[in-house]
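The questions below concern the architecture of the model that follows, and each is answered in turn.

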Amino acid sequence: MLAFNRPLMIIALAGALAACSDSNDNDDDVTPTPEPVSYSFTLQVSNLTAGQPFSPIAVIAHTEGTLWKVGDPATTALERMAEGGDNSVLLQFGSAIANVSSEAPVAPGAETTLTITTDSIEELKLSLSTMMVNTNDGFTGLNAMDVSSLAVDQTLTHFTFAYDAGTESNSEASGTIPGPADSGEGFNEIRDDVNVIAMHPGVVGQQDGLTSSVLSSEHKFDNPLAKVVITRTQ
Amino acid sequence: MKASTFTVAVITALASQSLSAAELDLKLTNLTQGLHFTPILITAHASDDTLFEVAMPATTALQTMAEGGNLAPLIDQANAAGSDVIANPAEGLLAPSTSTMTTLTTAEANEYLSITAMLLPTNDGFVGLNSWKIPKEAGTYSVYLNAYDAGTEGNNELVVEGSGAPGTPGIPAAPGGNAGSGGTGLSSSDSNTMIHIHPGNLGDDDLAAGSSDLSNTVHRWLNPVAKLTVTVK
């Protein structure tokens, strides 16, 4: 509650000071510039998988809605990210007030830190999404984590689960997986799977009896997929 | 006179508070159907004195535990750090779907709880808890633990006697007595050399040949692999 009121108070105070100087012709008066209020968060993301690089990680600050919902069909923006690792449309999420993407994919065992800054913290949510690129349409992330009551220097640690976008069948076939295991196709607008989002059943791989698979045992994964430490820094 | 008595009383109260220790009842359950835990290590420690960190390389002490179940180097490290240590509460292996119980009294500075034990049969898999903040409030708490891969040995899934020493490839033992032999070996190197979530055993359906000495219907698992119940008194 205190956090909600603070920006309003500062704006009100700045307004009062500005009004004050307007009513006074004294040249010595310096019109105070309203102090810009901004809120910054870092997200340290660790890839905990054995052999699934993460596509560039999308982080979106918003106040309502979710990037996906289990049981619902994927948006085309999510499908584009989950099938091909392209987060450019997802970053433009409807209620987004800020967004950021990591510049590069994040290798298994690697970490990256993203920073996102907003000018409001009221009702603020952070969402994060990335594709496991050695899958057909597998992704992981965080959906609308409330950070509106996070104090400066306070942290939240989350472990993420694997989801299946349900937009492309998990054939694991040559030419269908965009990651280094195959260098195949990414996004394709045809939906030839269940067309609802669910938890990911995992990959099978050639050694496990899916003879047409381009994947091997090192591409297998189990939950959780990523560790995300959110810190409010400002 | 009154004032100084009061001061002494306050100082005594503060001192006894700072020395007060947490008393914990701990119960660890092996939730798996087909994996044994090697001797378990439980430490209460300060924030920096962790046993392992995900997405970081394993220490030699952790590698020694994860590849062969030998706790000695981790115990030395924990003792040197001033951690409160409980080693081997189950007095040997903790069989699938069984529990062990112990009690732990922690020093005031040791606010975090960590646990490790090797998973058998795996090459370098371990069950782990890293730096769980011990609650100040009395009560019973449940925590679920995941299986990690130390990233120090390729998961060839071959049972090789004497392979528990760090750097010797192979699974040192399959205590359930249900593994095979004569496999040709799965991937020989671990491309992710950081501590990560274990991708799971693969196994195969031929215990006398095939690529793995493990069984694909017995030796697999999904997270979580253990449940810790903590009672703070």
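Q: Which residues of α2(B) meet which residues in α3(B)?
A: This is a predicted model, in which local features need pLDDT of at least 70 and side-chain atom pairs count only at pLDDT 80 or more, while totals for chains, interfaces and linings use all residues. Residues are numbered from 1 along each chain as its sequence is written, chains are lettered from A and ligands numbered from 1 in the order in which they are written. Helices (DSSP runs of H or I, at least four residues) and strands (runs of E, at least two) are numbered from the N terminus, and two residues are in contact if their C-beta atoms, placed from the backbone, lie within 7 Å. On the α3(B) side the partners are Pro73(B), Leu74(B) and Gln77(B), and they are met from α2(B) by Thr60(B), Ala61(B), Leu62(B), Thr64(B) and Met65(B).

Q: How do the residues of the contact of α2(B) with α3(B) divide into nonpolar, polar and charged, and at what angle do the helices pack?
A: Ala, Val, Leu, Ile, Met, Phe, Trp, Tyr, Cys and Pro count as nonpolar, Asp, Glu, Lys and Arg as charged, and the others, Gly among them, as polar. On that basis the contact holds five nonpolar, three polar and no charged residues. Axes are lines fitted to C-alpha atoms, for helices over the stretch in contact, and angles run from 0 to 180 degrees between N-to-C directions. The axes of α2(B) and α3(B) are 7 Å apart, and the packing angle is about 145°.

Q: Why is helix α2 of chain B largely enclosed by the rest of the structure?
A: A residue is buried if 20 or more other C-beta atoms lie within 10 Å of its own, exposed if 12 or fewer, and partly exposed in between, with C-beta atoms placed from the backbone. The cover over the buried residues of α2(B) includes α3 (72-80), β6 and β7 (125-133) of chain B. Helix α2 (residues 60-68) of chain B is largely enclosed because its buried residues number eight of the nine.

Q: Which residues in α2(A) are buried?
A: Helix α2 (residues 76-84) of chain A is largely enclosed by the rest of the structure, because seven of its nine residues are buried. The buried residues pack against β2 (58-62), β5 (125-131) and β6 (138-146) of chain A, and the helix is followed by Gly85(A), with a positive phi near 75°. The buried residues are Ala77(A), Leu78(A), Glu79(A), Arg80(A), Met81(A), Ala82(A) and Glu83(A).

Q: Which residues touch the most other members of the largest nonpolar core?
A: A nonpolar core is a set of buried Ala, Val, Leu, Ile, Met, Phe, Trp, Tyr and Cys residues joined through C-beta atoms within 7 Å. Leu78(A) touches Leu67(A), Trp68(A), Leu90(A) and Ala165(A), not counting residues up to four places away in sequence. Of the 98 residues in this core, those that touch the most other members are Leu78(A), Leu62(B), Phe126(B) and Val127(B).

Q: What is the order of the strands in the open sheet of four strands in chain A?
A: Two strands pair if DSSP finds at least two bridges between them. Strand β1 (residues 39-47) of chain A is joined to β4(A) by eight bridges and to β10(A) by seven, while five bridges join β7(A) to β10 (residues 226-232). The edge strands, each pairing on one side only, are β4 (111-118) and β7 (155-159) of chain A. With antiparallel pairing, the order is β4-β1-β10-β7.

Q: Which residue stands opposite Leu43(A) in β10(A)?
A: Within this sheet, Thr42(A) faces Thr115(A) in β4(A), and Thr157(A) faces Val229(A) in β10(A). Opposite Leu43(A) stands Ile230(A).

Q: Is Ala87(B) buried, partly exposed or exposed?
A: Ala87(B) lies in strand β4 (residues 84-87) of chain B and touches Pro39(B), Leu41(B), Leu71(B) and Ile75(B), not counting residues up to four places away in sequence. Because it has 15 C-beta neighbours inside 10 Å, Ala87(B) counts as partly exposed.

Q: How many residues does the contact take from chain A and from chain B?
A: The side of chain A that touches chain B comprises six nonpolar, nine polar and six charged residues. The contact takes 21 residues from chain A and 20 residues from chain B.
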